[in-house]
Amino acid sequence: MRDPYEVLGVAKSATAGEIKKAYRQLAKKYHPDHNKSDPKAKERFAEINSAYEIVGDEAKKAKFDRGEIGPDGKPRGFEGFGAGGGPGGFARGFGGGPGGGGHHFEHGFGGPDGAGRPGFDPSDIFSELFGGRRGRAGAAQKRGEDMAATASVPLETIAHGGVTRVVLPNGRTLEVKIPAGVEDSKQIRLRGQGHPSPVAGGEPGDALVTVKIAAHPQFRIDGRDLRLDLPVALYEAALGAKIAAPTLDGKVELTIPPGSNGGRTLRLRGKGLPATEGKAAGDLYVTLKLMLPDAVDAEFEAAMRKWREAKPYDPRAKT
């Protein structure tokens with residue numbers, strides 16, 4: 001077996017915290033459940049566990065550093081001697097087999113560490129990494145799988161917060177609390193609402209609900225900002241006006257400057273999605289959309305002809 005410090009990629013002088021951190025990162029990276037297509041991951045995972053069983057345990061680490069045990073956790077220097085000093089016997093006597101008393105060493109998860117104390121067990125950290133809990137027999141109980149679902153949420157609920165219903169893949173309907181200002185594609189975790197554990201006593205998985213903001217008849221979402229096309233009359237754009245513009249908080253007064261062209265965009269600060277998680281509130285961008293009257297009468301047509309003849313202009317001259 002390789003040197004456990006080399007396996008974990010840490011120096012011999014590394015602290016217990018540094019060793020644990022290195023182990024956690026490697027164990028998560030090479031866990032077989034996350035590397036089903038890599039046949040070597042299982043071997044690497046086992047090597048990482050064996051290494052951490054040595055240097056992650058204070059007593060075993062001290063013995064290894066003193067050269068008393070090898071990277072496999074077994075005593076060093078006793079291989080190849082017989083019961084009477086010849087090959088084979090001394091190791092059996094030292095291990096408590098025929099021909100000797102002495103201490104008995106056991107290498108493995110949860111076994112004695114050679115000093116009569118319970119052995120160090122890396123699978124306790126597996127519980128932290130992968131959600132398992134250790135049972136009375138010492139085996140990690142498998143956690144149920146998570147369950148994914150999508151909730152289509154009205155823009156008004158996003159703006160003010162509220163509750164929406166979501167149907168899980170197993171047919172269950174849950175109420176999901178929607179925080180005000182939550183962004184599109186944000187994932188909300190409902191703990192314990194996923195698939196049940198395949199073993200008795202194991203924890204169920206979680207339900208992972210992805211928020212999708214439903215299309216709105218007036219507003220378009222642009223990050224945390226909102227955009228709105230607002231119809232205005234020809235005379236409002238030409239002469240200027242104060243008109244009511246819709247927002248998620250109700251209508252507000254919007255000033256149209258005189259001589260405004262169609263396509264001009266005005267900004268209403270703070271009228272987009274509300275502030276959340278340290279992010280400022282968005283703005284509402286209102287684009288003017290010039291509209292002629294539904295019914296064009298003879299008087300209007302005459303006025304337009306007169307205007308065309310007296311003061312013609314090319315609106316596409318700059319394009």
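Modeller: Buried here means under 20% relative accessible area, exposed over 50%, and partly exposed in between, with a 1.4 Å probe and protein chains only. This is a predicted model, in which local features need pLDDT of at least 70 and side-chain atom pairs count only at pLDDT 80 or more, while totals for chains, interfaces and linings use all residues. Residues are numbered from 1 along each chain as its sequence is written, and side-chain values use heavy atoms, with hydrogens and water left out.

Biologist: Which residues of H3 are buried?

Modeller: The buried residues of H3 are Ala41, Phe45, Ile48, Asn49, Ser50, Ala51, Tyr52, Glu53, Ile54 and Val55.

Biologist: What makes the reach of helix H3 close to the expected one?

Modeller: The expected span is 1.5 Å times one less than the number of residues; helix H3 (residues 40–55) has 16 residues and reaches 23 Å from its first C-alpha to its last, close to the expected 22 Å.

Biologist: Why is Asp206 called buried?

Modeller: Asp206 has a relative accessible area of 4%, and is therefore buried. Asp206 lies in the loop between strand S6 (187–190) and strand S7 (207–213), strands being DSSP runs of E with at least two residues and helices runs of H or I with at least four, numbered from the N terminus.

Biologist: What makes S8 and strand S9 a pair?

Modeller: Two strands pair if DSSP finds at least two bridges between them, and S8 and strand S9 (residues 225–233) pair in the antiparallel sense over 4 bridges. The bridge partner of Phe219 in S9 is Leu228.
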